[in-house]
There are 2 protein chains.
Amino acid sequence: MELSEPTPQALGTHCLLDLFGCPSDLLDDPEWLTHLLAQSAAMAGATVLSAHHHRFEPHGVSALCVLSESHISIHTWPEFGTASADVYTCGDSCTPQVACAWMIEQLRPEGHDLRVVDRGVRTRPLVSAHR
Amino acid sequence: MELSEPTPQALGTHCLLDLFGCPSDLLDDPEWLTHLLAQSAAMAGATVLSAHHHRFEPHGVSALCVLSESHISIHTWPEFGTASADVYTCGDSCTPQVACAWMIEQLRPEGHDLRVVDRGVRTRPLVSAHR
């Protein structure tokens, strides 16, 4: 394969969303959370390829969807009313912030932190390991 | 469930690792990449609960492992020699930076960017949605 130079734009946008003061019962329901991820991904314009979840004992859930555009995930701590979500989409056809807004609306936190970071951006020149 | 206050420490540490100038063939091998994730997770002290991957046409891979401690993932663009990995571990028994160091060694990038962010830290006071 011939290597191309990536475009100067980011390959993807990654939203890191931490939510506090959510109702505990919502955070302990793996099926509902997996559905929420799929719904949120669709609202962002992304396509779900597969969905996976794990319920921890005595409480807590991890749910993840592989997307055509990267991934969406959530990890929950029902005992704290806390959840931590990621929406990472590559390309320019998705708006991961829309997925975050929908998750915030559905998870009803008392507060949240949303950080949006560019991914796949070369912030310094390539330095060959052999030089 | 009675809600507890989370500790003032972060619930987790999230490493965002972008790699540039990797050999393309490594980035287009879903089995090898999934094995690399599981191996990297183990080196960080994490436990893999399930592993998933998807190969895109004509090239590119997404691979993800659900961990007892959150998740590890990689998305690749072999045509650019570029990969974008996440290692997110909660608790204080893991060192996600060790997983990143191993991925860097194995993926042989000419350059990389590693950002380490705390997750589940309330950076501002909770504000009730009803006030």
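In strand β3 of chain B, B:Cys65 is the bridge partner of B:Ala51. That pairing is a handy way into this model, which is a predicted one.

**The β2–β3 hairpin of chain B**
- Strand β2 (residues 48-55) and strand β3 (residues 61-67) of chain B run antiparallel and are joined by seven bridges.
- Five residues sit between the two strands of this hairpin, and B:Gly60 takes a positive phi near 115° there.

**The chain B sheet**
- Six strands make up an open sheet in chain B, in the order β2-β3-β4-β5-β1-β6, and the pairing is antiparallel.
- Because β2 and β6 of chain B each have a single partner strand, they stand at the edges, with one side of each left without a neighbour in the sheet.
- From one strand to the next, the twist averages 10°.
- Further in, β3(B) pairs with β4(B) in the antiparallel sense, this time over six bridges.
- B:Leu67 has B:Ser70 of β4(B) as its bridge partner.
- Helix α2(B) packs on the sheet, where it touches β2, β3 and β4 of chain B, and its direction makes about 30° with that of β3(B).

**A closer look at B:Val66**
- B:Val66 belongs to strand β3 of chain B.
- Is B:Val66 buried or exposed? With 23 other C-beta atoms within 10 Å, B:Val66 is buried, because the cut-off for that is 20 or more.
- Neighbours within four places in sequence aside, B:Val66 is in contact with residues of both chains: A:His52, A:His54, A:Ser62 and A:Leu64 from chain A, plus B:Leu49, B:Ser50 and B:His71 from chain B.
- B:Thr47 is 19 residues away from B:Val66 along the chain, and their C-alpha atoms are separated by 8.6 Å.

**Helix α3 of chain B**
- Which residues of α3(B) are buried? They are B:Pro96, B:Ala99, B:Cys100, B:Met103 and B:Leu107.
- These residues cover an arc of only 100° around the axis, so they lie on the same side of α3(B).
- The packing partners of the buried residues of α3(B) are β1, α1, α2, β4, β5 and β6 of chain B.
- Helix α3(B) lies across β1, β4, β5 and β6 of chain B and runs at about 15° to β1(B).

**Over to chain A**
- Chain A has three helices and six strands, running β-α-α-β-β-β-β-α-β from the N terminus on.
- Its six strands form an open sheet with antiparallel pairing, ordered β2-β3-β4-β5-β1-β6.
- The edge strands are β2 (48-55) and β6 (111-119) of chain A, and each pairs on one side only.
- Six bridges pair β3 and β4 of chain A in the antiparallel sense, and A:Val66 stands opposite A:His71 in β4(A).
- Helix α2 (residues 30-43) of chain A lies across β2, β3 and β4 of chain A, at about 30° to β3(A).
- Of the 131 residues in chain A, 47% count as buried.

Methods. Residues numbered from 1 in each chain as written. Chains lettered and ligands numbered in written order. Predicted model: local features only at pLDDT ≥ 70, side-chain atom pairs only at ≥ 80, totals over all residues. Pairing = 2+ DSSP bridges. Helix = DSSP H or I, 4+ residues; strand = E, 2+ residues; numbered from the N terminus. Contact = placed C-beta atoms within 7 Å. Axes fitted to C-alpha atoms, helices over the stretch in contact; angles between N-to-C directions. Buried ≥ 20, exposed ≤ 12 C-beta atoms within 10 Å, placed from the backbone. Arc of directions from axis to C-beta.
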